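I am opening a notebook on one protein chain, and I mean to write down what I looked up, entry by entry.

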Amino acid sequence: MLFRSIAVSPASVRHVTIEEAKKMMATEKGYILLDVRTQREYEEGHLPGAICIPNETIDKTPPPGLPDKNQLIFIYCWSGQRSHATAQKLAKMGYTNLVEFGGIMDRKGELVKGRS
C-alpha cells in the first residue's frame, strides 16, 4: 500500500482514481496524458497517447512539452508517488488544470511499448 505524505494539494490539482480519469478522458478533448516515469520505464509500457516527461527532470522551470499552463493535463506514474510529486511541482509553477490519477501498476489492459 502506498502512503503519501500529508500535504494539502493546490486547488489546481484534482486527485482521482484511474477509473474516474478514464471517464474524464472519454469526454474531454485536447488534453495531455503525462507519464512521469523514466524514459526506460515509459518504453517498457505506457498508456496509449501518453507523452513522457520524467518527474526527475521537472524542477522549477516549466517543461518545454507543457507550454500551456491552462491545458488539461492527466498525470500518472507506476505507483502514484511520482505523479503526486509532479502535480505538486507543476501547480507551484502555475499550471491550473491538473488531474493526478496515481499509478498504473494495477491497471488492467494492454500498455504500448516503445516510444510514442
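For my first entry I take contact to mean heavy atoms within 4.5 Å. The model is a predicted one, in which local features need pLDDT of at least 70 and side-chain atom pairs count only at pLDDT 80 or more, while totals for chains, interfaces and linings use all residues. Residues are numbered from 1 along each chain as its sequence is written, and side-chain values use heavy atoms, with hydrogens and water left out.

**Entry 1: serine 12**

I looked up serine 12 and found it in the segment before strand E1 (13–15); strands (E, at least two residues) and helices (H or I, at least four) are DSSP runs, numbered from the N terminus. When I set aside the neighbours within four places in sequence, serine 12 was in contact with Ala91, Tyr95, Thr96, Asn97 and Leu98. Serine 12 counts as buried because its relative accessibility is 16%, where buried means under 20% relative accessible area, exposed over 50% and partly exposed in between, with a 1.4 Å probe and protein chains only. I also noted that the side chain of serine 12 reaches the backbone oxygen of tyrosine 95 at 3.2 Å.

**Entry 2: a charge and a ring**

Staying with tyrosine 95, I found lysine 69 over the face of its ring, at 5.8 Å from the ring centre. For this, NZ of Lys or CZ of Arg must be within 6 Å of the ring centre and within 35 degrees of the ring normal.

**Entry 3: strand E4**

Next I asked how many of the residues of E4 are buried. Five of the five are, so E4 is largely enclosed by the rest of the structure. I reminded myself that in a regular strand the side chains alternate between the two faces of the sheet. On one side of E4 I listed Ile73, Ile75 and Cys77, and on the other Phe74 and Tyr76, all of them buried.

I then looked up the partners, given that two strands pair if DSSP finds at least two bridges between them. E2 and E4 run parallel and are joined by four bridges, and leucine 34 has isoleucine 75 as its bridge partner in E4. E4 also pairs with E5 in the parallel sense, over four bridges, and here cysteine 77 has glycine 103 as its bridge partner in E5.

**Entry 4: strand E5**

Strand E5 (residues 98–103) is mostly covered, with five of its six residues buried. E1 pairs with E5 in the parallel sense over three bridges, and I noted glutamate 100 in E5 as the bridge partner of histidine 15.

**Entry 5: an aromatic pair**

A search of the whole structure gave me two aromatic pairs. Tyrosine 31 and phenylalanine 74 form an edge-to-face pair, 5.1 Å centre to centre with 80° between the planes. Rings of Phe, Tyr and Trp (its six-membered ring) pair if their centres lie within 6.5 Å, and planes under 30 degrees apart count as stacked, over 60 as edge-to-face and the rest as tilted. Which of the two residues is buried and which partly exposed? Phenylalanine 74 is buried, at 0% relative accessibility, whereas tyrosine 31 is partly exposed, with a relative accessible area of 28%.

Technical notes:
Polar contact = N/O pair within 3.5 Å; in protein donor to acceptor, adjacent residues only side chain to side chain.
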